[in-house]
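Let's walk through this structure together, moving from strands to sheets and then to the aromatic rings. Have the sequence and the 3D view at hand as we go.

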Amino acid sequence: MTLFHFVNCALLTFGPHVVYYSATPLSEYDTLGTSIKAAVVYLLTALIKLVCLATFLKVPENEGFDPYQEVMKVLIGLVDVAGLYFALTQLTHRNISQNHKFQAVGLGWAFADSVLHRLAPLWIGARGLEFTWEFIFQGLEANANLVMTLSLAALGSLMWLRKNKPRTLIPIIYACAFLLATMPSITSYLRKALEWQTREVVGFEIFSSLVMAFFSWQLFSACQRPL
Amino acid sequence: MAAPATTEAFSLSYSMFSLLLILFACVELGDAASAVHVYRLIQYDLAGVPLGSRISHLNHHATSLPIDPNADLSRSALVVPLLDLDLSFLRDYITKKKPLGGLVILLPQKLSNKFGDFGKHVDLSRVKSVLNELEDLLVHAELPYPVYFAYESSTFDSLLGDIRGKNFSSQPATSTNGGYKLVISTSEAKKLSPPTISNFQGWLPGQKDGDSEQLPTIAIVASYDTFGAAPSLSVGSDSNGSGVAALLEIARLFSRLYSNPKTRGKYNLLFGLTSGGPYNYNGTQKWLRSFDQRVRESIDYAICLNSVGSWDNDLWMHVSKPPENVYIKEIYDGFSEVAQDMGFSINVKHKKINISNPRVAWEHEQFSRFRVTALTLSGLSAAPEFLQSTGNLHDTRKSADEKAIARTVKLVAESLARQIYGHKGKKIDIFADGSSLAVNSHHIRSWLDLLSRTPRVAPFLSKNNPFIAALKKELSDHTVEVHVQNEVLDGAFTFYDSTEATLNIYQVAGVTFDFLFLMVLGSYLIVLFSFLVITTRGLDDLINIFRRPAVRKSKSA
C-alpha cells in the first residue's frame with residue numbers, strides 16, 4: 001500500500017511538469033530538446049555549486065543562523081543565475097520564439113531540480129510502511145519551485161534576450177530577478193532563524209511563487225507591447 | 001527530422017532515470033517510527049505436548065484495552081500494560097482457544113536493570129502477585145500466536161494514548177483506517193538440541209592425621225540455572241542467584257581458613273554448583289550418580305542453598321528425614337545456636353519423599369534418594385510447584401537483598417566452623433564483623449549483580465558461555481580439584497529458540513487516505529491542465545481536445 005503513497009507523491013512532485021509541457025503550446029512546437037539541454041546545464045551548475053560550497057563553507061557547529069555563511073550561500077546561489085544565463089543565451093536552440101524558449105528552459109531546469117533533490121528521498125522514504133507528511137510537503141515545494149523557476153527564466157529572457165526595454169521597468173526587472181534568485185536563502189532563513197514549521201514555510205513558498213509569477217507575467221507582457 | 005531526435009532524447013533520459021533509480025535503490029535506510037527490544041514467551045514441548053507461544057513473527061495492527069468482548073482480534077496485536085491486564089479475560093481467551101493476532105505485555109520499568117526515571121511509583125508486591133499468576137497461566141498453556149514482553153517506555157505510552165483515543169470513537173484500526181502497525185520480522189523458531197547441563201564441583205580437602213583413611217565430607221550445594229516465562233529475562237536473582245552468591249562467599253571464607261595447614265579442619269568440604277534445577281533437579285541427580293560410592297558414603301551431610309536472598313526474620317530448614325532423626329537434630333541445634341546469637345529463628349519443615357513421584361521439589365531430596373543426609377536452607381516456607389519460583393519475571397535484582405545473603409553466609413559458615421573445629425556450644429564468633437574473616441558483602445553484591453544481568457535458562461546457556469567460565473574461575477580461585485561435568489538434560493523437554501526480537505512500530509495512514517489523496521491530486525492536475533490550456537491556447541482549444549474525433553471525421557469526410 002505504501003507503493004501507492006510513493007506513486008501519489010511522485011505524481012504530485014513531477015506531474016505538474018509533464019502537465020505544463022503537454023498543456024501549453026510547447027508540445028506542439030516540440031521543444032523537448034531545449035528542456036533536456038537546460039536540464040543538463042542545471043546538472044553542471046549543481047556540480048559547480050557543490051564544489052564551491054565545499055570549498056568556501058565551514059561545517060556549522062550549532063544549528064543557528066550564521067549571517068556570514070548565509071551571505072556566502074547567496075553568492076553561490078548566483079551561480080544558479082549564471083547557469084540559467086548560459087542556458088538561455090549560449091545554447092543553440094532551434095527556431096522557437098522567445099516566448100517558448102524561456103518556458104522550455106525554465107521547465108527543463110525545474111524538472112532537473114526536482115529529480116535531483118526530491119527523487120531520492122521519495123524513493124527511499126515514501127515506500128516504507130511509516131507515514132509522514134514530509135513527502136507531500138516536498139511535492140508542494142516542487143510545484144512552487146516550478147513556478148519560481150519559470151518566473152526567473154522569464155525575467156532572465158527579458159534581461160538578456162530582449163534588447164529594447166522600457167527604461168523605467170529595467171530596475172524592477174533586475175530587483176524581481178534578484179529576489180527570485182535569493183529565494184532559497186530566504187526560506188532557509190525562515191526555517192532556521194525564525195523557526196517556522198515546514199507547513200508554514202511551504203505555504204510561504206507557494207504564496208510567494210504565485211506573487212512573483214504574477215509580477216513577472218505583468219512585466220513580460222508590459223515589455224511585449226512595443227513589439 | 002523530429003522523430004529520431006525525440007527517440008534519442010527519450011532513450012537518453014530513460015537510461016539516466018533508470019540509472020539514478022538503481023543507484024538510489026541500493027541505499028538502505030531504517031524507516032520505522034521506533035524500534036523496541038522485546039522478549040518472547042518461552043516455546044517448549046513437554047512430553048510431546050506443545051506449550052508456550054508457538055509463533056514468533058508478528059505483522060498486525062495494534063489495539064489495546066478496553067476492547068469489545070465480541071470483537072474479532074485475530075488480525076490485531078493486543079498491547080497491554082501488566083497492571084491493566086484482566087487475567088480472567090485472558091484466561092477465558094486461552095481456554096476457549098479464541099484467535100488473537102498477537103500479545104505484547106508491558107512490564108514496569110522498575111523490573112529492568114536499566115531503570116531510569118521513567119515509570120510511576122509502582123507497587124512491586126502487586127506486580128509480583130500479578131506476574132506469578134500470569135506466568136503460571138502462560139507457561140502451561142498452548143498459545144498459537146506470538147506473545148512478547150517489553151518494558152514500558154514513553155514510546156508505548158504515546159502509542160497507547162493514540163490507540164485509546166481511536167477506540168473511543170469505536171473504530172478499531174484496520175488496513176483501511178490507519179493507526180499503528182506492529183512488525184516483528186524473525187524467522188520461525190527452530191528446535192534446539194537437547195540442553196547441556198554443566199555441574200561444577202570443587203574440594204577443600206581437610207587435614208589428614210598421617211594414616212587416617214577417608215575424612216568425612218560436608219557438601220554445600222546450590223543450583224544456578226533458571227526457568228521463566230521469558231528466557232531472556234529470566235535472571236533469577238533470588239532463585240537461585242542468592243544461593244550461588246552465598247556458596248561462593250562461603251567457599252572464599254573457608255579457603256582462607258584451609259589455605260593455612262594450621263587452621264585446616266578435619267573435614268573435607270565439597271562445593272557443588274549444579275544445573276538442571278527447575279527440571280526436578282536432574283543435574284544434581286546426574287552429579288551424585290557420577291560419584292564413586294565410597295566418596296558418596298563419606299558425605300556426612302549436605303547443605304543445599306535455595307532462595308536465601310529475600311527473608312527477614314525466619315529462615316527455613318527443609319528436610320526429608322523426620323526432625324527427630326539424630327543427625328538432623330544435631331545439625332538443627334548447631335544452626336539454631338548461631339541463629340539465636342544473630343537474632344533470628346530457624347524453623348524446620350519436614351516433607352516426606354515419595355519415591356514413585358518423579359517430582360523433586362527441593363535439591364536435598366536428590367541427596368536423600370541416594371541415602372545421603374541433606375537439608376535445604378531457604379527463605380521460602382513452602383515447596384514450589386513444578387516450574388515455579390525458578391527465576392520468574394519479577395525475580396530481578398531488587399528482589400534479592402545482599403544483607404539477607406550475608407546473614408545466611410554467616411549462619412552456615414559459623415555453624416560449620418563450630419562443628420569442624422569442635423567449638424560447639426561455645427560463645428565464639430569466628431567470622432566476626434570487622435575481622436579478616438568477615439563476610440564480605442561487596443563480594444556477594446558483585447556476584448549478585450552479575451547473576452542479575454545473566455539470564456541462565458539451561459537450553460540457552462551453552463557450555464562456552466563466558467558466565468560458565470567465570471563460575472569455573474571463581475571456584476578454581478578458592479577450591480582445588482575443580483571439575484566440570486557436562487551432561488545432557490534428561491526428560492521430555494524440547495526447547496525452541498528465538499527468545500529476543502526487535503519490534504518495529506509504524507504509523508500507517510490506511511488505504512482510504514491514499515485514495516482520497518489520489519482523487520485530490522487527480523483533480524488538481526486536471527484543473528492545472530485546463531487552466532494552462534485556456535490561458536495559453538484559448539478556451540476553444542480545450543473544448544477541441546474533447547471533440548477531436550468529431551473534427552477529424554468531418555475533415556476526412
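How many bridges join strand 14 of chain B to strand 15 of chain B, and do they run parallel or antiparallel? Six bridges join strand 14 (residues 314-319) to strand 15 (residues 345-350) of chain B, and the two run parallel. Strands here are DSSP runs of E with at least two residues, helices are runs of H or I with at least four, and both are numbered from the N terminus; two strands pair if DSSP finds at least two bridges between them.

A word on the ground rules: this is a predicted model, in which local features need pLDDT of at least 70 and side-chain atom pairs count only at pLDDT 80 or more, while totals for chains, interfaces and linings use all residues. Residues are numbered from 1 along each chain as its sequence is written, chains are lettered from A and ligands numbered from 1 in the order in which they are written, and side-chain values use heavy atoms, leaving out hydrogens and water.

Back to the strand pair. Trp316(B) has Asn347(B) in strand 15 of chain B as its bridge partner. Lys349(B) lies over the face of Trp316(B), 5.7 Å from the ring centre (a charge sits over a ring if NZ of Lys or CZ of Arg is within 6 Å of the ring centre and within 35 degrees of the ring normal). With helix 8 (residues 326-342) of chain B, strands 14 and 15 of chain B make a right-handed β-α-β unit; right-handed means that, with the strands pointing away from the viewer, the path from the first strand over the helix to the second runs clockwise.

Next comes an open, mixed sheet of four strands in chain B, in the order 7-3-2-18. Strand 7 (142-143) and strand 18 of chain B each have a single partner strand, so one side of each is left without a neighbour in the sheet. Strand 2 of chain B pairs with strand 3 (residues 49-53) of chain B in the antiparallel sense over four bridges, and Tyr44(B) stands opposite Leu51(B).

Now for the rings. Phe214(A) and Phe215(A) have ring centres 6.3 Å apart and planes at 55 degrees, so the pair is tilted (rings of Phe, Tyr and Trp, the last by its six-membered ring, pair if their centres lie within 6.5 Å; planes under 30 degrees apart count as stacked, over 60 as edge-to-face and the rest as tilted). The rings of Tyr44(B) and Phe493(B) have centres 6.0 Å apart and planes at 20 degrees, so this pair is stacked.
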